[in-house]
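Hi everyone, thanks for coming.

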Amino acid sequence: MLDLPELSRVVGPDLDLGRLLAAASADRHRFVARTLTEWRTGANRFDQPGEGFFLAHEGGEIVGMCGLNIDPYANNPAVGRIRHLYVLPLTRRSGVGTLLVAECLDLAAGVFDRVRLRTVEPTAAAFYTTIGFQESAEEYATHEIALTDAS
């Protein structure tokens, strides 16, 4: 059985995404670089109430990242948004992504009624459905998960 990675919540002005940035750039994913730029400029440090940014570590190396924001497209502070989930290619399918999203959903519980996200990647869409998200027809979300009972 594989050991699960350690997770850390990132706070403060410093953020080093090293290997993630290089791998994402090679995969032509720009959002890791955007995450770093927004963090360094203070545009988004996942530091509003109910928000958080997490890194997964294995053997002292960062192997994944995921954040939770108040959904800027929902116009409703009770809706959260999973942002910038990225796992190193060699670490995928080992539970890292599931662990990172679960950490975000644990943080969201009691703060948000539901959490949404948007992805255009078919593999990512299948991943989110597998871990409990439902497909969404909303304009700015492809998937969502309810965190409270609507009854």
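**A buried histidine and an exposed proline**

Let's start with His84: it is buried, because its relative accessible area is 10%, and the cut-off for buried is under 20%. Keep in mind that what you see is a predicted model.

Where does His84 sit? You'll find His84 in strand β4, which covers residues 79-87. And which residues does His84 touch, once we skip its neighbours within four places in sequence? They are Phe31, Arg34, Thr35, Glu38, Phe46, Met65 and Cys66.

Now let's turn to Pro49. Is Pro49 buried or exposed? Pro49 is exposed, because its relative accessible area is 62% and exposed means over 50%. Pro49 belongs to the loop between α2 (31-41) and β2. Again skipping the neighbours within four places, Pro49 is in contact with Ile70, Val111 and Phe112.

Seven strands make an open sheet, and the order across it is β1-β2-β3-β4-β5-β7-β6, with mixed pairing. At the edges are β1 (6-9) and β6 (134-135), each of which pairs on one side only. If you want a spot to look at, find Gly52, which stands opposite Leu68 in β3.

What about the whole chain? Starting at the N terminus, the elements go β-α-α-β-β-β-α-β-α-β-β, and that comes to four helices and seven strands. The radius of gyration is 15 Å, close to the 15 Å that the globule rule gives for 151 residues, so the chain is as compact as a globular protein of that length. Along the principal axes, the C-alpha atoms fill a box of roughly 45 × 35 × 25 Å.

How much of the chain is buried? Buried residues account for 41% of the 151. As for contacts between residues at least 6 apart in sequence, 62% of them join residues at least 24 apart.

The accessible surface is about 8600 Å², and carbon and sulfur atoms hold 50% of that. There are 14 positive and 20 negative side chains, with the centres of the two sets 8 Å apart.

Notes: Residues are numbered from 1 along each chain as its sequence is written. This is a predicted model: local features need pLDDT of at least 70, side-chain atom pairs count only at pLDDT 80 or more; totals for chains, interfaces and linings use all residues. Side-chain values use heavy atoms; hydrogens and water are left out. Helices (H or I, at least four residues) and strands (E, at least two) are DSSP runs, numbered from the N terminus. The radius of gyration is taken over C-alpha atoms; the globule rule is 2.2 Å times the number of residues to the power 0.38. Buried means under 20% relative accessible area, exposed over 50%, partly exposed in between (1.4 Å probe, protein chains only). Contact means heavy atoms within 4.5 Å. Accessible areas come from the Shrake-Rupley method with a 1.4 Å probe; for residues, only the protein chains shown count as cover. Lys and Arg count as positive and Asp and Glu as negative; His and the chain ends are not counted. The place of a charge is taken as NZ of Lys, CZ of Arg, CG of Asp or CD of Glu. Two strands pair if DSSP finds at least two bridges between them.
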